Amino acid sequence: MLDFQRYQLAFTAHIRNPELHPKPANVIENRMAVYRESVFNNIFESVSVCFPVCQNVLGKRKWHHLIRNFVANYSANSPLFREIPQQFLAFLESITDLPPYLIPLAHYEWVELAISSQQTRAQSIQQTLSTESNCLDNVITLTPASTLLAYDYPVHKISKRFKPTIIEKTYLLVFRNTSFEVKFIALNSVTFNLLLHIQSQPSTGRLALAALANESQYPDLELFMRFGAEILDDLCKQQAITLS
Amino acid sequence: MSSLAEIKGAGLGLKRELIPQIQNLYQEPYNAESSNQDASIANIHFVEIAPENWINAGGKAEADLAWFIERYPIVCHGLCLSLGGPDPLNTDFLKQVKQFLSANKIPLYTEHLSYCSDYYQNQPGYLYDLLPIPFTEEAVKYVAQRIRQTQDILGQRIAIENASFYAAAPISTMDEITFLNAVLQEADCWLHLDINNIYVNSVNFAQQQDPIKLAQDFLHRIPAERIIYSHIAGHYQQSPNLLIDTHGKDVIDPVWDLLDTAYRLFGIFPTLLERDNNVPPLPILMREVNKIAAYQANHQNKQPVNFQQNLTRVIC
């Protein structure tokens with residue numbers, strides 16, 4: 001290692017963890033402080049803006065401490081600012097004393113950013129419902145920027161007042177509409193499975209519903225189709241699914 | 001769009017909050033009927049973006065970028081290449097930059113003469129800030145080699161910016177301008193001259209000397225032929241002898257004076273207003289963009305002093 005690099009590493013070690021590593025010799029304290037504060041504040045801002053609920057649920061002191069820990073101990077490997085929250089999420093996996101719902105909650109908060117900036121192939125003209133098309137007879141696909149999520153906690157309901165203590169399976173569809181808004185829809189397990197089916201294999205609503213009715217041995221196929229068609233129509237109106 | 005020659009006049013750093021305002025005030029070229037002088041953004045000749053904010057961005061950002069690419073020449077001004085960093089140069093990222101420049105027809109990529117990563121745990125260890133490289137011979141060679149490697153990968157010349165800094169490294173063996181010139185020469189790259197940073201550093205390291213004189217001396221030692229592009233911005237005064245390069249306030253008069261001196265010495269060059277914090281509404285910002293344009297107009301047909309000096313030297 002070169003001499004100037006030894007100095008650089010002492011400089012950044014101190015920035016990362018001033019309690020553990022003293023500043024390099026003969027660097028003026030108030031000038032060193034500029035860098036300590038600037039690095040920490042930048043990262044604190046970039047992370048906090050993505051995880052407002054996590055921050056609220058943990059409280060200011062714990063949140064601050066967590067980001068201190070992130071700056072001190074995590075080696076970020078992406079130069080893209082947008083990916084700082086994703087790296088924080090990876091860092092959280094190594095923290096052992098978090099409430100069990102916190103990582104799912106953080107993931108749920110990060111997904112909004114991920115879907116809002118997800119790259120998709122040039123958006124084809126969205127086909128909407130018309131008299132000629134319907135969800136039962138047309139092939140359905142999930143909208144390009146979207147994801148289906150299953151959590152062990154009702155992440156979308158968590159707040160400072162509601163911190164879940166028992167496991168409650170939660171299914172969500174997150175998607176970006178043509179106005180670039182990110183939308184969340186809570187799903188029941190049947191709709192979740194229907195959309196998983198469509199995601200893995202685009203097919204007409206009728207085929208997807210028939211397969212699902214068969215799998216779940218639902219007794220009344222006609223009723224199942226009618227309910228299913230209503231749900232699909234609604235998802236289509238919201239631009240969560242598209243017809244082709 | 002767009003060739004290097006199209007990066008000219010005055011420009012504005014593209015902040016997200018400015019995008020809808022520019023889109024609202026944008027008028028197709030050659031429509032000189034703008035009735036409201038305040039609303040005119042005609043002096044924005046180009047815009048600048050940080051690749052770290054726009055690479056791989058889909059959705060709204062992608063659509064916005066497409067809008068600007070159709071209408072404005074664009075400069076890429078990087079923040080995280082870490083030219084002075086101890087980790088291996090991030091060639092995967094550079095290839096992304098190359099692809100991004102090419103896909104969006106962006107003719108100029110500039111970076112800071114600084115570092116932002118520390119190779120912590122054998123990973124890049126990004127700290128997402130501009131940290132000061134100690135001014136030593138070893139550092140000159142090291143950084144210059146990485147700039148050359150960058151230029152080889154991109155297949156084009158880059159410009160490096162004189163960065164603002166706050167903490168002098170006790171191990172430095174030369175001053176900033178000597179370091180900058182040595183790197184420029186060794187790397188054979190362009191200079192992205194940041195006018196505000198000259199002033200900020202002059203105040204921050206003036207000790208008992210006159211910062212204005214220090215800044216002027218710095219400017220006089222700039223190699224004119226390497227200047228391709230420049231920045232001007234405001235800063236925050238934390239104390240009388242400590243300025244922080246926040247880009248959060250109006251440009252102050254001594255910095256305008258430096259720009260004026262630079263144009264007088266070197267002739268005019270494309271100059272961009274950076275405003276990253278406390279961003280006022282666009283019409284207010286335009287006063288400073290217009291001011292850049294006015295300074296440029298004032299020096300438009302004058303022979304730069306340095307040019308005359310060079311000429312004299314050749315003749316003698």
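## Helix α6 of chain A

Helix α6 of chain A covers residues 102–116, 15 residues in total, and its first and last C-alpha atoms are 22 Å apart. This is close to the expected 21 Å, where the expected span is 1.5 Å times one less than the number of residues. Helices (H or I, at least four residues) and strands (E, at least two) are DSSP runs, numbered from the N terminus. The structure is a predicted model, in which local features need pLDDT of at least 70 and side-chain atom pairs count only at pLDDT 80 or more, while totals for chains, interfaces and linings use all residues. Residues are numbered from 1 along each chain as its sequence is written, and chains are lettered from A and ligands numbered from 1 in the order in which they are written.

A kink of about 25° is centred on A:W110 in α6(A); the bend at a residue is the angle between axes fitted to the seven residues ending there and the seven starting there. The buried residues of this helix are A:L102, A:L105, A:A106, A:Y108, A:A114 and A:I115. A residue is buried if 20 or more other C-beta atoms lie within 10 Å of its own, exposed if 12 or fewer, and partly exposed in between, with C-beta atoms placed from the backbone. The elements of chain A that cover these buried residues include α3 (52–58), α5 (84–92), β2 (146–151), β3 (170–176) and β4 (182–187).

## An open sheet in chain A

Three strands of chain A form an open sheet in the order β5-β1-β6, with antiparallel pairing. Strands β5 (203–204) and β6 (241–243) of chain A are at the edges and have a single partner strand each, so one side of each lacks a neighbour in the sheet. Strand β1 (residues 139–142) of chain A pairs with β6(A) over three bridges; two strands pair if DSSP finds at least two bridges between them. Within β6(A), A:I241 stands opposite A:L142.

## Chain B as a whole

Chain B contains 11 helices and 12 strands. Its radius of gyration is 19 Å, close to the 20 Å that the globule rule gives for 316 residues, so chain B is as compact as a globular protein of that length. The radius is taken over C-alpha atoms, and the rule is 2.2 Å times the number of residues to the power 0.38. Buried residues make up 44% of the chain.

## Two positive phi angles

Most residues other than glycine have a negative phi. B:Y119, however, has a phi near 55°. B:Y119 lies in the loop between β5 (115–117) and β6 (126–131) of chain B, and is partly exposed because it has 19 C-beta neighbours inside 10 Å.

B:H247 also has a positive phi, about 55°. B:H247 belongs to the loop between β11 (242–244) and α9 (253–266) of chain B, and counts as buried because it has 23 C-beta neighbours inside 10 Å.

## Where the chains meet

In the interface, 37 residues of chain B are in contact with 39 residues of chain A; contact requires C-beta atoms, placed from the backbone, to lie within 7 Å. On the side of chain B that touches chain A, β6(B) supplies the largest share, five residues.

Definitions and conventions
Contact = placed C-beta atoms within 7 Å.
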